[in-house]
Amino acid sequence: MTTQEIISKLWNLCNVLRDDGITYHQYVTELTYILFLKMAKETETENKIPEGYRWNDLTNKSGVELKKFYKELLNFLGENATGRIREIYQGASTNIDEPKNLEKIIIAINALDWYSAREEGLGNLYEGLLEKNANEKKSGAGQYFTPRPLIDVIVKLMKPQPGELCNDPACGTFGFMIAAAQYVRNNTDDFFNLPPDLYKFEIERAFTGCELVHDTHRLALMNEMLHGLEGKIILGDTLSNVGKSMKNFDVVLSNPPFGTKKGGERASRNDFTFSTSNKQLNFLQHIYRSLKADGKARAAVVLPDNVLFADGEGEKIRVDLMDKCNLHTILRLPTGIFYAQGVKTNVLFFTRGTTDKGNTSEVWFYDLRTNMPSFGKTSQLAEKTFDNFVKAYEAEDRHAVDDYRFNVFARAEIAEKNNSLDLGLIRDDSAVDFDELPDPIESAEEIIFQLQSAVELMESVAAELKSLENRND
């Protein structure tokens, strides 16, 4: 049985819970509690779970007794376990009311082909479930799940290296950091080519994040653990004073949540230079301030269009970004790649300078939006979608790139446009260009002239026919 087949079986178990009114997101969270115990058994790491609260203890019970024990298990592990186990189960509760439904899920999970799952990677299995949840519009999970092809392309372009501190201040289910770790693994024989101290660093400290939503934080912890990582994932709000300690990173990769703070209040950070209720602008402030000022620390962040043109504090933040960093590339993303239809997004790529002024001299824009399909279930986003962008991005001489989607604006040109970065979009072939339409008055006069000529021609033909008719008589 393949990983995808196992994922489908696990996902279809959600149908069992419909009568209990369980949402897709609640289901994935519930699966996390149960899968953790089963995966600990499969990976022979049950010694970290207190005796009496392991997988076999769960499978040995049924009916009302099972439901009662399951609730007791969640509460016990959340309060009395230690380390990562306690983090995952802290505050956990079940939404499953019907004991038979709980029993069905446990029996079905126990019967799966776990040998194949281990061979293909338990982390891949769990990420597959998270992706299923994100692709299900009713779950609303797409707001924190960035499409895998986009993540992989960004990571390959940012090239995280062994020994670098990587962070995602709005980490969702930890997808960016998992991909960054995988990139380093692929280039170091799964970290085994590294010296012992650097190997330990990669496992324990290199990849970190912060997540505000408790249930999503659990998913991130589980995802990280199944990928063999132990970096700190903070449960908290990066835009509060919790975020002040998140700094001196070499690489930041993120897709912050869209929208404004609840009630329109400002971020509660007291170290932000510019005060705004716009979440994305605040995350952007945090990200470029969190990078090491060494001329090498770099970031790639997914942001909606409004960040590119918002005035007031928005303009000041963009100016500060271009002063402190080399904002070298902006990718205008296609529409339809996130669950909310119509959301227009971009990826900003920038490198922190060693000084606080004059680091951006020009900004390159790649338009992957105009004259492109709107991606979704019928038109799937794939890594190859980004092939031409990657070639342009990595070109030694960008000015020599022959790609009509790739355009550059000097810093002075941007300043003349009130520091708006809403630039670089090419001609939309589906739109009507009114400059090229014929003048309506001239067109009307031409039509009248043509009609008059036609009438005269018809009159002439009629007269000729009349003449022929008279001659025949």
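Mentor: Nine strands form an open sheet with mixed pairing, in the order β3-β2-β1-β4-β5-β7-β6-β8-β9. The edges are β3 (233-235) and β9 (406-410); each has a single partner strand, so one side of each lacks a neighbour in the sheet. On average, neighbouring strands of this sheet are turned by 20° against each other, direction ignored. Strands pair here if DSSP finds at least two bridges between them. Strands (E, at least two residues) and helices (H or I, at least four) are DSSP runs, numbered from the N terminus.

The model is predicted: local features need pLDDT of at least 70, side-chain atom pairs count only at pLDDT 80 or more, and totals for chains, interfaces and linings use all residues. Residues are numbered from 1 along each chain as its sequence is written, and side-chain values use heavy atoms, with hydrogens and water left out.

Now β2 (207-211). It pairs in the parallel sense with β1 over three bridges. Asn167 has Thr208 in β2 as its bridge partner. Towards β3, β2 again runs parallel, with three bridges. There, Cys210 is partnered by Ile234 in β3. Five of the five residues of β2 are buried, so the strand is largely enclosed by the rest of the structure. Buried means under 20% relative accessible area, exposed over 50%, partly exposed in between (1.4 Å probe, protein chains only). Both faces of β2 are covered. Phe207, Gly209 and Glu211 lie on one side, Thr208 and Cys210 on the other.

Helix α9 (residues 148-158) lies across β4 (251-254), β5 (298-304) and β7 (345-352), at about 150° to β5. Axes are lines fitted to C-alpha atoms, for helices over the stretch in contact; angles run from 0 to 180 degrees between N-to-C directions.

Between α9 and β1 there is a loop, and Glu164 sits in it. Glu164 has a relative accessible area of 15%, so it counts as buried. Its side chain makes a polar contact of 2.8 Å with the side chain of Arg298. A polar contact is a pair of N or O atoms within 3.5 Å; within protein, one must be able to donate a hydrogen and the other to accept it, and residues adjacent in sequence count only if both atoms are side-chain atoms. Beyond neighbours within four places in sequence, Glu164 touches Lys159, Phe201, Glu202, Ala206, Asp250, Val251 and Arg298. Contact means heavy atoms within 4.5 Å.

Next, β6 (residues 325-332), which holds Arg332. Four bridges join β6 to β8 (residues 362-367), and the two run parallel. Leu331 stands opposite Tyr366 in β8. Arg332 is at 0% relative accessibility and therefore counts as buried. Its side chain joins that of Asp422 through a polar contact of 2.8 Å.

Finally, the whole chain. It has 18 helices and nine strands. Of its 473 residues, 51% count as buried. Among contacts with a separation of 6 or more, 74% link residues 24 or more positions apart.
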